Amino acid sequence: MGITRQTKSVKTLLAALDQHQKAIAVTDLVKFLEKEMNKSTVYRLLNKLMDDGVVHSFIGNRGLRWYAKCQNCSDDHHNDIHPHFQCKKCGDVKCLPISFTIPGVTGYNVDSASLLMVGVCSNCS
């Protein structure tokens, strides 16, 4: 992890992500942590954790940004190029354990890509 200081706020935020064990909408994360830190601190720490390769984010079905912990990423390379699934009934979002390759596009330098699949999860079907 690239964060040099494991402050109480960083530990609290990482513990919240661990507790949820799946992707969480930023609005839900802010609400969950409202007694420990303000919204600005949550956003600032999430940005730092993304820069350090600790968390990744993506835009969900209704335009909200979701966050999840990375697996084997670093501050100079994210390995989290995988699709996400969002259930249109319960709203649950999961990282899918499938990888895909970003195709090369002539004339463009692609840094990241995301794939969101929307449907009904096995719990709701």
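**Sheet, buried histidine and salt bridges in a predicted model**

At 3% relative accessibility, His84 counts as buried (buried means under 20% relative accessible area, exposed over 50%, and partly exposed in between, with a 1.4 Å probe and protein chains only). The structure is a predicted model, in which local features need pLDDT of at least 70 and side-chain atom pairs count only at pLDDT 80 or more, while totals for chains, interfaces and linings use all residues. Residues are numbered from 1 along each chain as its sequence is written, and side-chain values use heavy atoms, with hydrogens and water left out.

His84 lies in strand 4 (residues 84-87). Helices (H or I, at least four residues) and strands (E, at least two) are DSSP runs, numbered from the N terminus. When neighbours within four places in sequence are set aside, His84 is in contact with His56, Phe58, Val93, Lys94, Cys95, Leu96, Leu115, Leu116 and Met117, where contact means heavy atoms within 4.5 Å.

Strands of a sheet pair through backbone hydrogen bonds, either parallel or antiparallel. In this model, three strands form an open sheet in the order 1-3-2, with antiparallel pairing; two strands are taken to pair if DSSP finds at least two bridges between them. Strand 1 (24-25) and strand 2 (55-59) stand at the edges and have a single partner strand each, so one side of each is left without a neighbour in the sheet. Strand 1 and strand 3 (residues 65-69) run antiparallel and are joined by two bridges. Ala25 stands opposite Trp66 in strand 3.

Helices also meet these strands. Helix 1 (residues 8-20) lies across strand 1, strand 2 and strand 3, and runs at about 90° to strand 3. Helix 3 (residues 39-51) packs on the sheet, where it touches strand 2 and strand 3, and its direction makes about 110° with that of strand 2. For these angles, axes are lines fitted to C-alpha atoms, for helices over the stretch in contact, and angles run from 0 to 180 degrees between N-to-C directions.

Side chains of opposite charge can pair when their charged atoms come close. A salt bridge is defined as a side-chain nitrogen of Lys or Arg within 4 Å of a carboxyl oxygen of Asp or Glu, and by this rule the count comes to four. In one of them, the side chains of Lys69 and Asp18 meet at 2.9 Å, N to O. This pair links distant parts of the chain, with Lys69 in strand 3 and Asp18 in helix 1, 51 residues apart. Lys69 is partly exposed at a relative accessible area of 29%, and Asp18 is partly exposed at 40%.

Lys22 forms a salt bridge with Asp92, with the closest N and O atoms 2.8 Å apart. Here too distant parts of the chain are linked: Lys22 is in the loop between helix 1 and strand 1, and Asp92 is in the loop between strand 4 and strand 5, 70 residues apart. Lys22 is partly exposed, with a relative accessible area of 36%, whereas Asp92 counts as buried at 17% relative accessibility.

A salt bridge also joins Lys48 and Asp52, whose closest N and O atoms are 3.4 Å apart. Lys48 counts as partly exposed at 37% relative accessibility, whereas Asp52 is buried, with a relative accessible area of 6%. Salt bridges that share partners join Lys22, Asp92 and Lys94 into one network.
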